[in-house]
Amino acid sequence: MGPSPAFDQFGTSPTPDRGGKRSNLDFRLHITPLHFFFQLRFPIQRKLKLAQVHKQRKAKRKKLFISRVLAMATNTQEQQSQAGRHQEVGHKSLLQSDALYQYILETSVYPREPEPMKELRELTAKHPWNLMTTSADEGQFLNMLLKLINAKNTMEIGVYTGYSLLATALAIPDDGKILAMDVNRENYELGLPVIQKAGVAHKIDFKEGPALPVLDQLVEDEKNHGSFDFIFVDADKDNYLNYHKRLIELVKVGGLIGYDNTLWNGSVVAPPDAPLRKYVRYYRDFVMELNKALAVDPRIEICMLPVGDGITLCRRVK
Amino acid sequence: MATNTTQEQQPAAGRHQEVGHKSLLQSDALYQYILETSVYPMEPEPMKELRELTAKHPWNLMTTSADEGQFLNMLLKLINAKNTMEIGVYTGYSLLATALALPDDGKILAMDINRENYELGLPVIRKAGVAHKIEFKEGPAMPVLDKLVEDEKNHGSYDFIFVDADKDNYLNYHKRLIELVKVGGLIGYDNTLWNGSVVAPPDAPLRKYVRYYRDFVLELNKALAVDPRIEICMLPVGDGITLCRRVK
């Protein structure tokens, strides 16, 4: 195959944003005679190489898109924040006032928050993408819920720095297990020292990468069907329904799946002309579709709780 | 008195006229969305019937809201509750939600000072085939609880206790209930966010009964937060439920 410096360069250089889709034929701008020779000489290899490059660029574009969107969301949030004391990490106020939310946090969450969770929360607050984290009240709720249902074998899709993961790990018994998946290992490793210090890291089996392939593999083996007590999904909203198709097999009858962010910052009821951030508007359709689908799924009973950004609890009944 | 004042002063909010709705959420629209997307489509027929019956009652402000009923129903199934208690029944919406969740040999000790309201809803509960699980006692709950606590046999015998009654007595109930609920069991105190008034500034215009009971609610919340025998979680469902899981 003909290696060309052009490909490497385009893989990593920060080219100006042209908006829209970039053509994967951009490599033509840096063509050398040698390059022509190799193109004509090895057409099949060229096609394979193109396909590979296209895939890499798509992945990089997606990663760039996500980080830009988050940066934009965080910046906007900073611009809009009041001078008041409410600066909670991960707060998306579904309640009638920030004051009420603050009251809940100060009366019943913070006084009870385990030290490791407090530490992880404060660590995450410094991270530029802290918008993604699970809020403290949600962490407390998950922790209690898991103890109430005596959960032992759980799964988590979407980890970030691991706040809800830690809440889970602290709730399940010492021989409990969590299969945790996230496309980004770095963020998980940011929080891992805290989880290790808390003495619960041994319960976690972390897999980096998209969840769907892992789920597909699990579903293939009948042994895994109905083997999970609790599954928490806090990831890419445009894939929730795809996850659901697999998770409904993997969770046990009587077990629980929790889908996070199902009230999507209250935007599920925003009028069509309301000013919404791009990513909020983009994912809103998926969220609303998910909500409709879950409501009519006969295999589950559901309950939408206005905790955090909205969690829909789905109890498998058949 | 409270109901009359409330209903007259409430602005006409379009189609949102939900029974028992006390909007803790950012908008009525959001609350309506939850109800229409995930509560009403799934609501069992008896519960729907009881809710509509209660809507005609002058004191319907007191009833448990539909989203709260759904949550209680799921919670009870999740914890495999069998022996429960309810203090404060009114027409029985949360009682029915509970009865539908328990197994056929499940039991509910239900107490309310007013038997008439309970008997309003009882036909619906009977029709649902779950009335046999309920033991209703008319009158104040305190004497009943005191008697239960006297007998050691009753200590730790309840899986779940739901308190939705006179707020000025919650802490008194708590002293007894903490003995009666089992370790690992759950007590739920309703209305602990008290219409959001827990954070109202001192000069805010509040209805008399809201202001009167608010102090008790604030005191309760503080006390529960530091009680070492329980782990707590305040959920903004309905008018706010504080779940207390007994740990020792």
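Glu138(B) is partly exposed, with a relative accessible area of 48%; partly exposed lies between buried (under 20% relative accessible area) and exposed (over 50%), using a 1.4 Å probe and protein chains only. The model is predicted, so local features need pLDDT of at least 70 and side-chain atom pairs count only at pLDDT 80 or more, while totals for chains, interfaces and linings use all residues. Residues are numbered from 1 along each chain as its sequence is written, chains are lettered from A and ligands numbered from 1 in the order in which they are written, and side-chain values use heavy atoms, without hydrogens and water.

**Salt bridges**

- Glu138(B) and Arg115(B) meet through their side chains in a salt bridge of 3.6 Å, N to O; the term means a side-chain nitrogen of Lys or Arg within 4 Å of a carboxyl oxygen of Asp or Glu.
- This pair links distant parts of the chain, with Glu138(B) in strand S3 (residues 134-138) of chain B and Arg115(B) in helix H6 (residues 115-127) of chain B, 23 residues apart.
- Helices (H or I, at least four residues) and strands (E, at least two) are DSSP runs, numbered from the N terminus.
- Arg115(B) is partly exposed, at 31% relative accessible area.
- Glu119(A) pairs with Lys197(A) in another salt bridge, with the closest N and O atoms 3.0 Å apart.
- Glu119(A) belongs to helix H5 (residues 115-125) of chain A and Lys197(A) to helix H8 (residues 185-197) of chain A, so the pair ties together parts 78 residues apart in sequence.
- Glu119(A) is partly exposed at 28% relative accessibility, whereas Lys197(A) is exposed at 63%.
- Over all chains, the structure holds 28 salt bridges.

**Helix H2 of chain B**

- Nine of the 12 residues of helix H2 (residues 28-39) of chain B are buried, so the helix is largely enclosed by the rest of the structure.
- Among the buried residues of H2(B) are Leu30(B), Tyr31(B) and Val39(B).
- The buried residues of H2(B) pack against helix H11 (278-295) and strand S6 (300-305) of chain A, together with helix H4 (66-78) of chain B.

**Arg315 of chain A**

- Arg315(A) is found in strand S7 (residues 311-316) of chain A and counts as buried at 14% relative accessibility.
- Leaving out residues up to four places away in sequence, Arg315(A) touches residues including Glu301(A), Met74(B) and Leu78(B); contact means heavy atoms within 4.5 Å.

**Chain A overall**

- Chain A has 11 helices and seven strands.
- Of its 318 residues, 50% count as buried.
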